[in-house]
Amino acid sequence: MNLSNLKPAEGATKTRKRVGRGAGSGRGGTSTRGHKGQKSRSGYSRKTGFEGGQMPLQRRVPKFGFNPLKRVEYRAINLETLQALADSQKLEKITPDVLINAGLIAPKHLVKILGRGTLSAKLEVEAHAFSKTAEQAITSAGGTAVKL
């Protein structure tokens, strides 16, 4: 055995289908594309969602709603969460950094304090927004609510 008589294994190679090479190729005329129609033309590519000329689903389904461009979205944190956090970490001041370290919000989020639950600890709470009930509960417990 030497390099001159090496061959690939039986069935390991196939001859490539040479399309569009005339009548003598065995695939003449339509070159395996069938007769007429969009798919038989050169340069054909189907658009995403194309349904053969039928009105596509994304145009048939009614549209509704409105997304305001300058909407400000807050992450809601309730008083009960603040109380639990203050109890577990012995805190007197709660800032967004404390909430980030506790894993309650991500650094890019804005925080709004909501009034669910009770607050017994005297806390200084810094947040971007407060509900009226939350602000009242914080001040009645002897703490302060600081808007950032």
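User: What is the order of the strands in the open sheet, and is the pairing parallel or antiparallel?
Analyst: The order is β2-β4-β6, and the pairing of these three strands is parallel. Strands here are DSSP runs of E with at least two residues, helices are runs of H or I with at least four, and both are numbered from the N terminus. Two strands count as paired if DSSP finds at least two bridges between them.

User: Before we go on, what kind of model is this?
Analyst: It is a predicted model, in which local features need pLDDT of at least 70 and side-chain atom pairs count only at pLDDT 80 or more, while totals for chains, interfaces and linings use all residues. Residues are numbered from 1 along each chain as its sequence is written, and side-chain values use heavy atoms, with hydrogens and water left out.

User: Which strands are at the edges of that sheet?
Analyst: β2 (93-94) and β6 (144-147) are the edge strands, each pairing on one side only.

User: How many bridges join β2 to β4?
Analyst: Two bridges do so, and β4 covers residues 124-127. Lysine 93 has glutamate 124 in β4 as its bridge partner.

User: What about the whole chain: how many helices and strands?
Analyst: The protein chain has four helices and six strands, running α-β-α-β-α-β-β-β-α-β from the N terminus. Its radius of gyration, taken over C-alpha atoms, is 35 Å, well over the 15 Å that the globule rule gives for 148 residues, so the chain is more spread out than a compact globule. That rule is 2.2 Å times the number of residues to the power 0.38. Along the principal axes, the C-alpha atoms fill a box of roughly 95 × 60 × 20 Å.

User: What share of the residues is buried?
Analyst: Of the 148 residues, 22% count as buried. Buried means under 20% relative accessible area, exposed over 50%, and partly exposed in between, with a 1.4 Å probe and protein chains only.

User: Changing topic, where does threonine 118 lie?
Analyst: Threonine 118 lies in the loop between β3 (110-114) and β4.

User: Why does threonine 118 count as exposed?
Analyst: Threonine 118 counts as exposed because its relative accessibility is 67%.

User: Which residues is it in contact with, leaving aside neighbours within four places in sequence?
Analyst: Threonine 118 is in contact with Leu79 and Gln83, where contact means heavy atoms within 4.5 Å. From C-alpha to C-alpha, threonine 118 and glutamate 80 are 5.9 Å apart in space, although 38 residues separate them in sequence.
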